[in-house]
Amino acid sequence: MSAAEGETPVADGAPPPEALYSFGTPWPELNQGLSYSDTFRCADVDAATTLIEFYATNYKSSAPLPGWVKRIRSGQRMKASFSLQITVDGEVVTDPDMILRDGCKLVYHRLPWQEPFAPYLLEVLYEDDDMVALNKPSGLQVLPKGLFQQRTVLAQLQLKDWKMTSFYSKRKHVQSHPVPVHRLGRGTSGLLLCAKTKVAKVRLASYFAEGAINAGNKRDKSEFGEERKISKFYRALVTGILDNDEVVVTQPIGLVHYPGVAEGLYAACSSGKPAMSNVCVLERLAHQNHTLVQVEIHSGRPHQIRIHLAYIGHPLVDDPLYGIGGHPKFVEPESTGTDSSFAYDGGYERPLQPVPGDCGYHLHAHWLVLCHPTTNKIVKITAPLPQILQTREERRATAERISG
């Protein structure tokens, strides 16, 4: 029997889940900046390597060559609350053509900057000695990347004082703070699972990895008498009316070229990695030409639900990036983000077209059921739904509870 068997995602008259408590520290105006350290090693004693050659080659996804020239020459000068500097053996260097010596220490300092707006409060939905489940708001990134280096879920987990019981504090392999064991997109809200111990982290991560393996086999292990360790269910509002009550999507997902995103964009791709999503219709909203669906994912590829729903012709309502077919809606000319275009800090200009971190779509990690990483008991955790993702019956039940 699968871990999820017998569970129901539809409201059964029970009151919506309530958070145990909330926590969060307001973001400071500026973050703490970043430092990237390297030790230069000369592969060819007869060939000279300049400072600009080193950074334009090893950090080409951070800035084009003209941008790196600008960064090096600017030194410590401030501009638009953003500054960068590069040191060699502890000394600030402003000459891009400086010849590097074997063994010299290079540090690229990205001085503190103001990150874009992000919410900071997090609700705790479940907590025990091994794990904690959070209700992540839309607009908050899980792990540091790009402009968001401090305004993340991870930072809030690090800032909180996690008090421990005497029994808990004596346990081995306890981490200083919980860490996320999977990711949600910045614009995706809902349930985020975090591990408190190293053992829980390894086991929970293995649960998610098993789902990806099963998706590659185009099957669910529970169909063959083996128990699944975790099942994850999302709510989504999609464009158009789905004809079938249930659709299984197995379109592979991989990286494709996308101007302005150096590492590429995840999209429907025949040469990509296996992925599996089970889509069930909850309510057809004919007057809006929308459908409310539940999606169970058997793998966790980046942006999987957004891509799979778009692939079957029903992109998420207000998704700025993915269109029908599971590909980006807009592609700017190849000149976007090339050497001829760089921002005030020397990095690439933000593309004019949408990027993966843009928000606005309606996707919520609603509930999951899992085998507890240490007790092996079945645990179900649910995150309260935004009103726009509730069925008519759920909204009616909520209104009756409020009025009564």
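Arg41 is exposed in this predicted model, with a relative accessible area of 57%, a value that puts Arg41 in that class because exposed means over 50%. The side chain of Arg41 forms a salt bridge with Asp102, and the closest N and O atoms of the two are 3.7 Å apart. The pair links distant parts of the chain, 61 residues apart, since Arg41 sits in the loop between β2 (34–39) and α1 (51–58) while Asp102 sits in the loop between β4 (91–92) and β5 (105–110). Asp102 itself counts as partly exposed, at 47% relative accessibility.

**Salt bridges**

Side chains of opposite charge can pair when their charged atoms come close.

| Pair | Closest N to O distance |
|---|---|
| Asp102 and Arg41 | 3.7 Å |
| Arg235 and Glu394 | 2.8 Å |

Arg228 lies in the loop between α5 (198–216) and β10 (230–239), whereas Glu296 belongs to strand β15 (residues 290–297), so the pair ties together parts that are 68 residues apart in sequence. Both Arg228 and Glu296 are buried.

Arg235 forms a salt bridge with Glu394, and here too the pair links distant parts of the chain, with Arg235 in strand β10 and Glu394 in helix α7 (residues 392–403), 159 residues apart. Arg235 counts as buried because its relative accessibility is 1%, and Glu394 likewise counts as buried, at 7% relative accessibility.

Rolling a probe the size of a water molecule over the atoms shows where empty space is left. A search of the whole structure finds three cavities of 30 Å³ or more, and the second largest cavity holds about 40 Å³ of space. The residues lining the second largest cavity are His182, Leu191, Lys232, Phe233, Tyr234, Ala365, His366, Trp367 and Leu368. Strands β10 and β18 (363–371) are the elements that give two or more residues to this lining, and β18 gives the most, with four residues. Sorted by class, the lining of the second largest cavity has six nonpolar, two polar and one charged residues.

**Helix α6**

Seven of the eight residues of helix α6 (residues 304–311) are buried, so this helix is largely enclosed by the rest of the structure. The buried residues in α6 are Gln304, Ile305, Arg306, Ile307, His308, Leu309 and Ala310. Helix α6 is followed by Gly313, a residue whose phi is positive, near 95°.

Most residues other than glycine have a negative phi, and most peptide bonds are trans. Asp89, a residue other than glycine, has a positive phi near 55°. Asp89 lies in the loop between β3 (84–88) and β4 and is partly exposed, with a relative accessible area of 38%. Asn376 has a positive phi of about 65° although it is not a glycine; Asn376 lies in the loop between β18 and β19 (378–382) and is exposed, with a relative accessible area of 51%.

**Thr87 in strand β3**

Thr87 lies in strand β3 and counts as buried, at 8% relative accessibility, a class that applies because buried means under 20% relative accessible area. Leaving aside its neighbours within four places in sequence, Thr87 is in contact with Val92, Lys105, Leu106, Val107 and His109.

**The chain as a whole**

The chain has seven helices and 19 strands, and buried residues make up 49% of its 404 residues. Among the contacts in the chain with a separation of 6 or more, residues 24 or more positions apart account for 67%. The chain exposes about 19,800 Å², and carbon and sulfur atoms supply 52% of that area.

Conventions: Residues numbered from 1 in each chain as written. Predicted model: local features only at pLDDT ≥ 70, side-chain atom pairs only at ≥ 80, totals over all residues. Heavy atoms only, no water. Buried < 20%, exposed > 50% of the residue type's maximum accessible area, 1.4 Å probe, protein only. Salt bridge = Lys/Arg side-chain N within 4 Å of Asp/Glu carboxyl O. 1 Å grid on protein atoms, 1.4 Å probe; cavity = no way out; pocket = protein on both sides within 12 Å on 5 of 7 lines; lining within 4 Å. Points joined across faces, edges and corners; volume = space filled by probe spheres on them. Nonpolar A, V, L, I, M, F, W, Y, C, P; charged D, E, K, R; others polar. Contact = heavy atoms within 4.5 Å. Areas by Shrake-Rupley, 256 points an atom, 1.4 Å probe, with all protein chains shown as cover.
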